[in-house]
Amino acid sequence: MVLASPNPIRSERILPTDLPIVDLTAERSEVTKLIVKACEEYGFFKVINHGISHETIAKMEEAGFSFFAKPGTQKKMAAPVYGCKNIGFNGDMGEVEYLLLNATTPSIAQISKSISNIDPSNFSSTVSAYTEAVRELACEILVLMAEGLGVPDTMVFSRLIRDIDSDSVLRLNHYPPILNRDCKDRDKSHSYNYSKVGFGEHSDPQILTILRSNDVGGLQISLQDGVWIPVNPDPSAFCVNVGDVLEVMTNGRFVSVRHRAMTNSYKSRMSMAYFGAPPLNACIVAPPVMVTPQRPSLFRPFTWADYKKATYSLRLGDSRIDLFRNCKELE
């Protein structure tokens, strides 16, 4: 789903890299510049001093790990929001188990009854508090992006996530450790002792992703040269990445970059990803200021429902965004 590297080279760097780090308490004009630069060059960045309390994060992590520690028979009772290994509708497989929750309070409250047989209301309030916090963070970042791009309506991106009919979701991915004989002599403290693909290469179809993981490596990104670059884990920060819809709404200025998750050979990894998405009937089109004679429109308008359908009709790694490119750009 990314334009920058349709055929990534299957190679890796040996050492992890640090993504751009944005301090949200810094001078506002500087923050907007850093975010725009990171979105244009990496499609990923980290934010610190984000305003989400340690307690909110810790409770969410505790609830997630508590669920994944249950016996398989109990976890399967939470289907269809619980899944294991089978990532999508097209047979994509990975070394992962997950919870996929609609990011609305009524939906979370309802599904909590099957997820937590001990105290559903506590699980529901924990997830709702975390989801609300990361949604506010996503909206704040989207406003900063609009300011940095010079878009007059600075709410143009965030409004889609705040909409009562937003299709946003919260996904918890759990990657159990895969003990690998080839790794037995390596330093177990190294977070980059990977053995298998936990979640295959893809780009996120939504607007923006707010990602949090425990202090275990596994995330890798693929930039224009196609090299898979491990990203250093940072428990003090949230990782933010551009989704396909935001690439379209910035007329290609921001890049939705392919990434994947690898299992760690010795440690369990859990990531919590908030995917900010528009309502199904929302028309996805770049604001007029993003389209100029020098940079004509790269994409034709479409609805999120159209794109979501295309996303789920293909396998991981296939490019969906090209389906909505203007014909002139394909010639």
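How many nonpolar, polar and charged residues does the lining of the largest pocket have? Keep that in mind as we start, because lining residues are those with an atom within 4 Å of a point of the space they surround.

Before you select anything, note that this is a predicted model, in which local features need pLDDT of at least 70, side-chain atom pairs count only at pLDDT 80 or more, and totals for chains, interfaces and linings use all residues. Residues are numbered from 1 along each chain as its sequence is written, and side-chain values use heavy atoms, with hydrogens and water left out.

**The whole chain**

Colour by secondary structure and you will find 9 helices and 15 strands. These elements are DSSP runs numbered from the N terminus, helices being H or I with at least four residues and strands E with at least two. The chain has 331 residues, 53% of which count as buried; buried means under 20% relative accessible area, exposed over 50%, and partly exposed in between, using a 1.4 Å probe and protein chains only. Of the contacts between residues at least 6 apart in sequence, 78% join residues at least 24 apart, a contact being heavy atoms within 4.5 Å.

**The largest pocket**

Now select Leu 100, Arg 171, Phe 199, Phe 275 and Tyr 312, which are the closest to the centre of the largest pocket among its 43 lining residues. The volume here is about 910 Å³. On a 1 Å grid over the protein atoms alone, a pocket is an open set of points with protein on both sides within 12 Å along at least five of seven lines, while a cavity is a set where a 1.4 Å probe fits but cannot get out. Grid points are joined across faces, edges and corners, and a volume is the space filled by probe spheres set on the points.

Back to the opening question: the lining has 22 nonpolar, 13 polar and 8 charged residues. In this scheme Ala, Val, Leu, Ile, Met, Phe, Trp, Tyr, Cys and Pro are nonpolar, Asp, Glu, Lys and Arg are charged, and the others, Gly among them, are polar.

**Arg 315**

Go on to Arg 315, in the loop between α8 and α9 (327-330). With 40% relative accessibility, Arg 315 counts as partly exposed. Show Asp 92 too: its side chain and that of Arg 315 are joined by a polar contact of 3.4 Å. Such a contact is a pair of N or O atoms within 3.5 Å; within protein, one must be able to donate a hydrogen and the other to accept it, and residues adjacent in sequence count only if both atoms are side-chain atoms. Leaving out residues up to four places away in sequence, Arg 315 touches Asn 90, Gly 91, Asp 92 and Arg 320.

**Ser 166**

Next, centre on Ser 166, in the loop between α6 (158-162) and β6. Is this residue buried or exposed? Ser 166 is buried, at a relative accessible area of 13%. Its side chain makes a polar contact of 2.6 Å with the side chain of Ser 168, and one of its side-chain polar atoms lies 3.5 Å from the backbone oxygen of Ile 161.

**Backbone stops**

Most residues other than glycine have a negative phi, and most peptide bonds are trans. With that in mind, select Ala 79 and Pro 80, whose peptide bond is cis, with omega near 10°. Then try Asn 49, which has a positive phi of about 50° and lies in the loop between β3 (44-48) and α2 (54-68).

**Two cavities**

Finish inside, where there are 2 cavities of 30 Å³ or more. The largest cavity has a volume of about 140 Å³; Ser 213, Asn 232, Pro 233, Asp 234 and Cys 239 lie nearest its centre among 16 lining residues. The second largest cavity, of about 40 Å³, has Asn 251 among its lining residues. Asn 251 is buried, with a relative accessible area of 1%, and its phi is positive, near 55°.
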